[in-house]
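Colleague: Can you put the model on screen? I'd like to go through it with you.

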Amino acid sequence: MSQAPIDVYSWPTPNGHKVHIMLEECRLPYVAHPVNIGKGEQFAADFMAISPNNKIPAITDPVGPGGKPISLFESGAILVYLAGKTGKFMPAGDRAKYDVLQWLMFQMGGVGPMLGQAHHFRMYAPEKLPYAIERYTNEARRIYGVIDKQLSKNRFIAGRTYSIADIAIFPWLRSWENQGIVLTDYPHLKTWFDGIAARPAVQRGVKVLADLRTPITGDKEREILFGKTQYQKR
């Protein structure tokens with residue numbers, strides 16, 4: 001019996017790309033529903049019913065555990081779910097599985113938040129604050145160094161095999177220039193990065209919804225994404 005399509009509510013950002021890439025790698029059928037975060041569509045009641053943190057991505061799988069529908073938010077949780085559903089990109093053995101999970105948590109707790117802040121203060125902040133730019137650019141360099149060191153000993157982030165840890169980290173490094181990074185300063189990371197970027201499923205995944213995205217230029221979009229709109233009671 002064929003798999004019913006998974007509904008993916010997303011936008012072409014690093015966190016969105018993670019799930020798009022995973023679905024492509026797993027060859028799961030899915031339908032991508034754009035949630036334009038520059039226009040505030042992440043605050044719509046029907047989206048927040050499955051993503052109460054008003055963040056993309058979120059999914060609804062009509063054939064979840066026990067054959068019943070399931071909705072999930074948080075990109076890391078979605079990657080773990082899809083790995084469990086398909087038996088792909090997550091090792092079966094406990095030791096190898098925890099190696100993958102610790103690097104996935106490294107992405108969720110460090111790579112995403114810190115590189116996101118570096119990108120924000122360098123590119124989008126209305127005031128160029130030297131302290132913030134220096135702090136987060138330095139943290140970006142530290143994180144790239146951690147990844148480069150890990151990849152000096154391993155072909156992939158968590159060891160010898162490609163996993164959801166690679167899928168989670170890769171999209172966040174695609175904007176390395178805007179994070180104040182010189183990629184050639186991290187030769188092991190660059191070799192890995194180029195290899196991941198060449199994968200056909202990755203190339204397909206980063207194109208999902210990409211034609212809908214436009215540069216953030218207006219004050220209204222900045223307010224929706226970064227300002228007090230995020231903190232209003234809903």
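Colleague: Which residue stands opposite serine 71 in E4?

Modeller: That's threonine 60. This is a predicted model, so local features need pLDDT of at least 70 and side-chain atom pairs 80 or more, while totals for chains, interfaces and linings use all residues. Numbering runs from 1 along each chain as its sequence is written, and side-chain values use heavy atoms, without hydrogens or water.

Colleague: In what sense do E3 and E4 pair?

Modeller: Antiparallel, with four bridges between E4 and strand E3, residues 58–61. Pairing takes at least two DSSP bridges; strands (E, at least two residues) and helices (H or I, at least four) are DSSP runs numbered from the N terminus.

Colleague: And what's the strand order in the sheet?

Modeller: E2-E1-E3-E4, an open sheet of four strands with mixed pairing.

Colleague: Switching to H7. Which of its residues are buried?

Modeller: Leu189, Trp192, Phe193 and Ile196, where buried is under 20% relative accessible area, exposed over 50% and partly exposed in between (1.4 Å probe, protein chains only).

Colleague: What do they pack against?

Modeller: The buried residues of H7 pack against H5, H6 and H8. Take tryptophan 192: setting aside neighbours within four places in sequence, it is in contact with Leu151, Arg155, Phe156, Ile157, Asp166, Ile169, Phe170 and Leu173. Contact is heavy atoms within 4.5 Å.

Colleague: Okay, charges. How many salt bridges does the structure hold?

Modeller: Six, counting a Lys or Arg side-chain nitrogen within 4 Å of an Asp or Glu carboxyl oxygen. One of them joins glutamate 25 and arginine 199, at 2.8 Å from N to O. Those two are 174 residues apart, so the pair ties distant parts of the chain: glutamate 25 sits in helix H1, and arginine 199 in the loop between H7 and H8.

Colleague: Is glutamate 25 buried or exposed?

Modeller: Buried, at 11% relative accessibility. Arginine 199 has 25%, which makes it partly exposed.

Colleague: What does lysine 190 form a salt bridge with?

Modeller: Aspartate 194, with the closest N and O atoms 2.8 Å apart. Both are in helix H7, four residues or about one turn apart. Lysine 190 is partly exposed at 29%, and aspartate 194 is partly exposed at 36%.

Colleague: And which residue does arginine 142 pair with?

Modeller: Glutamate 139, closest N and O atoms 2.8 Å apart. They're three residues apart in helix H5, so about one helical turn separates them. Arginine 142 is partly exposed at 45%, as is glutamate 139 at 22%.
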